[in-house]
Amino acid sequence: MSRNLITLEHNNQRDTSNIDHLLQDHTRLGRLAKRYSGGAHINSRVHERVRDDLLALRDFCEDRHRRIFNLRQRHDSTVNLRIATQSASIAREARKDSMSMKIIAAVTLIYLPATFVCSLFGTNLVAFDTSPGSNGAEFLVSRWWWLYFAFAIPLTVLTMFGFWLWRRFRGTPSNIQKKFTD
């Protein structure tokens, strides 16, 4: 429909231009007829009627231009309404996804401390001594306990740095906005 409206608009502009040229020729013809009254005779009533008809055609083209403009505005409004409806649908879906991610984050926060404790006690750095010669269960910490943190902290920092690099160079929304504003 947009293509058809654009074609109609171009055709209307062409018609208006042709009518303007005919009006200019008509005016020149009238001036020439007055200047050279000996050779050709133009009936002034017919001449004025032709001028009025050309002006009526020009008014018709201007009216058609207004109608085409209104049709384009209506079409654009319809398209914008469709885009707004789709955007609202996308926003609803994004909200659902956001709620799901909040739930996942809450569950992670609940289980993360327990996971940390399990992984710490699962290493050979911490143990319970339940041997027959000990006084009940004793909590033993290896002299190598610092190895856990020596690996965990740099790996965490490396992971966060990798995530930062990925967001920076993969087209995060802030980088996309910078590209369009530059």
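Helices (H or I, at least four residues) and strands (E, at least two) were taken as DSSP runs, numbered from the N terminus. The model is a predicted one, in which local features need pLDDT of at least 70 and side-chain atom pairs count only at pLDDT 80 or more, whereas totals for chains, interfaces and linings use all residues. Residues are numbered from 1 along each chain as its sequence is written, and side-chain values use heavy atoms, with hydrogens and water left out.

Helix 3 gives the most to a nonpolar surface patch, with 4 residues. Patches are made of residues with over 30% relative accessible area and no salt bridge, like charges being joined within 9 Å and nonpolar side chains (Val, Leu, Ile, Met, Phe, Trp, Tyr) within 5 Å. Accessible areas come from the Shrake-Rupley method with a 1.4 Å probe, and for residues only the protein chains shown count as cover. The nonpolar patch covers about 1,200 Å², and its members include Phe116, Phe128, Trp144 and Ile153. At least two residues each are supplied by helix 2 (44-122), strand 2 (138-141) and helix 3 (146-169). Phe116 is placed in helix 2 and, at 37% relative accessibility, is partly exposed; buried means under 20% relative accessible area, exposed over 50%, and partly exposed in between (1.4 Å probe, protein chains only).

Asn12 lies in helix 1 (residues 2-35) and is buried, with a relative accessible area of 2%. Leaving aside neighbours within four places in sequence, Asn12 is in contact (heavy atoms within 4.5 Å) with Cys61, Arg64, His65 and Ile68. A polar atom of the Asn12 side chain lies 3.0 Å from the backbone oxygen of Cys61.

The whole structure contains 9 salt bridges, each defined as a side-chain nitrogen of Lys or Arg within 4 Å of a carboxyl oxygen of Asp or Glu. In helix 1, Asp25 and Arg28 are 3 residues apart, about one turn of the helix, and form a salt bridge with the closest N and O atoms 2.9 Å apart. Asp25 is partly exposed at 40% relative accessibility, as is Arg28 at 44%. Asp63 and Arg67 form a salt bridge at 3.6 Å, N to O; about one helical turn separates them, because they are 4 residues apart in helix 2. Salt bridges that share partners also join Arg14, Asp15 and Arg64 into one network. Within this network, the closest N and O atoms of Asp15 and Arg14 are 3.4 Å apart.

Definitions and conventions:
Polar contact = N/O pair within 3.5 Å; in protein donor to acceptor, adjacent residues only side chain to side chain.
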